[in-house]
Amino acid sequence: MNRRILTLLVALVPIIAFGLVQSVVTVPFVSLGPGPTFDTLGEVDGKDVVDIEGTEVHPTSGHLNMTTVSQRDQLTLGQALVLWMSGREQLVPRDLVYPPDKSKDEVDEANNTDFRQSEDSAEYAALLYLKYPMAVTVESVTEDGPSAGKLEDGDAIDYVNGKPVADLDAFQALIKDTKPGDQVVLDYRRKNGDLGAATITLGKHPDKDQGYLGIGVLDAPWAPFTVEFNLANIGGPSAGLMFSLAVVDKLTTGDLNDGKFVAGTGTITGDGKVGAIGGITHKMLAARDAGATIFLVPADNCEEAKTAHQDGLELVKVENLDGAVAALKTLSAGGERPAC
């Protein structure tokens with residue numbers, strides 16, 4: 001064999017081996033980067049992202065986009081290198097995203113649960129801002145429990161056996177005096193429905209001596225109409241703030257965003273407090289790529305947000321829903337917005 005050809009073949013061996021390693025060997029890292037954004041004032045698959053039925057909904061314009069972080073798992077060495085060199089992706093140890101004591105399915109299910117809970121909190125925060133009255137509200141009905149088929153999520157309970165219940169403490173005090181097998185009559189209001197009364201035979205409580213209704217209840221602002229959020233498989237609670245703002249915008253006159261392209265992120269509690277989230281710089285990049293000019297940042301994320309290249313993206317600091325609404329109103333009314 002020609003010596004030159006032999007030398008070339010010997011030189012190619014490590015290159016070929018390295019190429020195989022890059023394409024086959026996976027690395028214990030997850031890539032995080034800018035994910036898709038969704039306009040909470042718009043539609044997805046022909047449905048309103050925020051769908052309100054049973055009351056007047058006012059027209060809106062512009063954007064109120066929620067932002068996400070993309071995740072790529074089971075990366076080969078070659079894929080990881082390409083993503084890292086792009087400058088748009090961040091490689092983090094896999095254990096930070098998927099703890100070793102939990103399966104990927106368990107982590108994904110927990111994120112989906114957080115997302116569903118954030119939808120409830122977003123609705124409550126918006127209704128509280130709009131000054132709807134508080135009520136003892138059914139948050140969940142246990143499948144095959146005593147109340148299944150008689151009460152529904154969102155029902156407001158007004159009376160227990162003819163006695164008024166102004167708040168959760170009063171409700172719990174009346175239920176505490178019951179025992180399994182007792183019948184109770186609950187008078188309720190149903191969203192987009194009529195007043196009703198449910199006669200329920202109490203079951204055995206798993207932890208207490210009192211009777212068991214099989215419902216979860218809480219004190220929450222209550223309105224006679226329904227609010228549905230039609231985004232699925234987003235995961236996590238960070239859409240809460242933007243969901244709340246969309247509800248407020250649709251239930252009030254005028255454009256909350258003055259017709260501009262606003263994006264943002266942040267968890268929200270039922271009383272309107274905005275909390276920190278992960279991946280703020282990736283979400284800012286996603287917002288900028290989508291066309292946003294204003295980005296709502298949870299106050300606790302401001303320092304990290306300021307480390308990213310903003311490129312014309314105005315960062316507005318937000319601590320609660322009241323503050324977020326007030327900041328957006330300056331877009332049309334003038335005035336200074338709280339900046340990061």
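## The second largest pocket

In this predicted model, the second largest pocket holds about 510 Å³ of space. Its lining counts 21 residues. Closest to the pocket centre are Asp120, Glu123, Asp153, Val227 and Glu228.

Charged residues number 11 in this lining. Another 7 lining residues are nonpolar, and 3 are polar.

## Elements around the pocket

H4 supplies the largest share, with 6 residues.

## Helix H4 against helix H6

Helix H4 spans residues 104-129, and helix H6 spans residues 240-250. Their axes come within 8 Å. They cross at roughly 40°. An angle under 35 degrees would count as roughly parallel, and 65 to 115 as roughly perpendicular; H4 and H6 are therefore oblique to each other. The crossing is right-handed.

From H4, the contact draws on Phe115, Ser118, Glu119, Ala122, Ala125, Ala126 and Tyr129. H6 answers with Gly240, Phe243, Ser244, Val247 and Val248. By class, the residues of this contact are 8 nonpolar, 3 polar and 1 charged.

H4 takes part in both features. It gives 6 residues to the lining of the second largest pocket, and it meets H6 through residues that include Phe115 and Tyr129. The pocket lining has 11 charged residues, whereas the H4 contact with H6 has 1.

Methods
Residues numbered from 1 in each chain as written. Predicted model: local features only at pLDDT ≥ 70, side-chain atom pairs only at ≥ 80, totals over all residues. Heavy atoms only, no water. Axes fitted to C-alpha atoms, helices over the stretch in contact; angles between N-to-C directions. Helix = DSSP H or I, 4+ residues; strand = E, 2+ residues; numbered from the N terminus. Parallel < 35°, antiparallel > 145°, perpendicular 65-115°, else oblique. Left-handed = near helix turned anticlockwise from the far one by under 90°. Contact = heavy atoms within 4.5 Å. Nonpolar A, V, L, I, M, F, W, Y, C, P; charged D, E, K, R; others polar. 1 Å grid on protein atoms, 1.4 Å probe; cavity = no way out; pocket = protein on both sides within 12 Å on 5 of 7 lines; lining within 4 Å. Points joined across faces, edges and corners; volume = space filled by probe spheres on them.
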